[in-house]
Amino acid sequence: MLKIYWMLKKQYLKTQMEYRLNFCLMMIAGVVIRTLFMAITYIIFNSIPSIGGYDRNEVFLMFALFFISEGLGGIFYEGLWSIPSMAHNGELDMMLVRPVSPLVQILSNGFGLQGIGTLALGITALLLSSAQIAWFRSVLYLCLPVFILLGMVVRLSSYLLSASHVFFLRVGDRANVTYTLNSLGGYARYPVSIYPGWMQAVLFTIIPYGFIGYLPVCMMKNGSTLAGMAGIALAAGLLFWLARTVFYQGLKRYESMGM
């Protein structure tokens, strides 16, 4: 199954690289947009010492984890964004008759070029910010890949769950629930503790982006890295199970073109 996934992903990347200028511009766009977010935050910290008890470098570490998972998501499962349009246009029909998991085909369908630039920015921000945090020890670099992987699972599950609305709401591709929830999830780039209780609950349940950047930094800072890792792993596992279940239940309701 993985071999098929990589083969399809490789072919799609080749088609994107045929247009060299567009390829480069899309990568640059991913960096520029997110650099602006960091620049605004940098300016804010010129006036205040901390946000929710976290200094500039700690917040930038949250940004870094957030951007890395976002970039990897664009590279490895960009196709999830296309589920509503594929269902509305009947493109899912072709995937359902192939002897390959439809979810694998969707995950391999597409390649977010902005993800490359976003990933590079995230890695750069991670290295620069972590080097200036007093409590950050070298051993934590071994934990970061685990947090990043779990963040990818959380993001994948959120994309899949929100995109599956098309099977139940019957609105075709006109209601971009995935984009809306992803935009609202951007609030989790900052310490979630600064928001009202109801919003914190939303960022750990309906839009579970609080598990991607904020919670890993919070747990590492408080010396509860392993406990945090276990908790996030449990949450990520449950989210993926729920998203996968909803998706396949939705496929049973799929009625081909024009949903």
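The structure is a predicted model, in which local features require a pLDDT of at least 70 and side-chain atom pairs count only at pLDDT 80 or more, whereas totals for chains, interfaces and linings use all residues. Residues are numbered from 1 along each chain as its sequence is written, and side-chain values use heavy atoms, with hydrogens and water left out.

The protein contains 13 helices and zero strands, where helices (H or I, at least four residues) and strands (E, at least two) are DSSP runs numbered from the N terminus. The radius of gyration is 19 Å, close to the 18 Å given by the globule rule for 259 residues, so the protein is as compact as a globular protein of that length; the radius is taken over C-alpha atoms, and the rule is 2.2 Å times the number of residues to the power 0.38. Along the principal axes, the C-alpha trace spans about 55 × 40 × 30 Å. Of the 259 residues, 49% are buried, a term that denotes under 20% relative accessible area, with exposed meaning over 50% and partly exposed lying in between (1.4 Å probe, protein chains only). The accessible surface comes to about 12,600 Å², and 69% of this area belongs to carbon and sulfur atoms; accessible areas come from the Shrake-Rupley method with a 1.4 Å probe, and for residues only the protein chains shown count as cover. Among contacts (heavy atoms within 4.5 Å) with a separation of 6 or more, 76% are between residues 24 or more positions apart.

Two salt bridges were counted, each defined as a side-chain nitrogen of Lys or Arg within 4 Å of a carboxyl oxygen of Asp or Glu. In one of these, the side chains of E70 and R34 meet with an N to O distance of 2.9 Å. Because E70 lies in helix α3 (residues 56-76) and R34 in helix α2 (residues 20-45), this pair ties together parts that are 36 residues apart in sequence. Both E70 and R34 are buried. A salt bridge is also formed by E58 and K221, whose closest N and O atoms are 3.2 Å apart. Here E58 in helix α3 is linked to K221 in helix α12 (residues 214-221), and the two residues are 163 residues apart. E58 is classed as buried because its relative accessibility is 4%, while K221, at 29%, is partly exposed.

Helix α3 has 21 residues and reaches 30 Å from its first C-alpha to its last, close to the expected 30 Å; the expected span is 1.5 Å times one less than the number of residues. This helix is mostly covered, with 19 of its 21 residues buried.

The side chain of S69 reaches the backbone oxygen of F66 at 3.0 Å. Apart from neighbours within four places in sequence, S69 is in contact with Y77, G151, M152, R155 and I212.

With residues up to four places away in sequence not counted, R155 touches F66, S69, E70, Y77, N182, Y209 and I212. The side chain of R155 makes a polar contact with that of N182 at 3.4 Å; such a contact is a pair of N or O atoms within 3.5 Å, of which, within protein, one must be able to donate a hydrogen and the other to accept it, and residues adjacent in sequence count only if both atoms are side-chain atoms. R155 and F240 are 85 residues apart in sequence and 9.4 Å apart in space, C-alpha to C-alpha.

Helix α13 (residues 225-253) has 29 residues and reaches 42 Å between its first and last C-alpha atoms, close to the 42 Å expected. Its buried residues include T225, G228, M229 and I232. The elements covering the buried residues of α13 include α4 (83-89), α8 (140-163) and α12.
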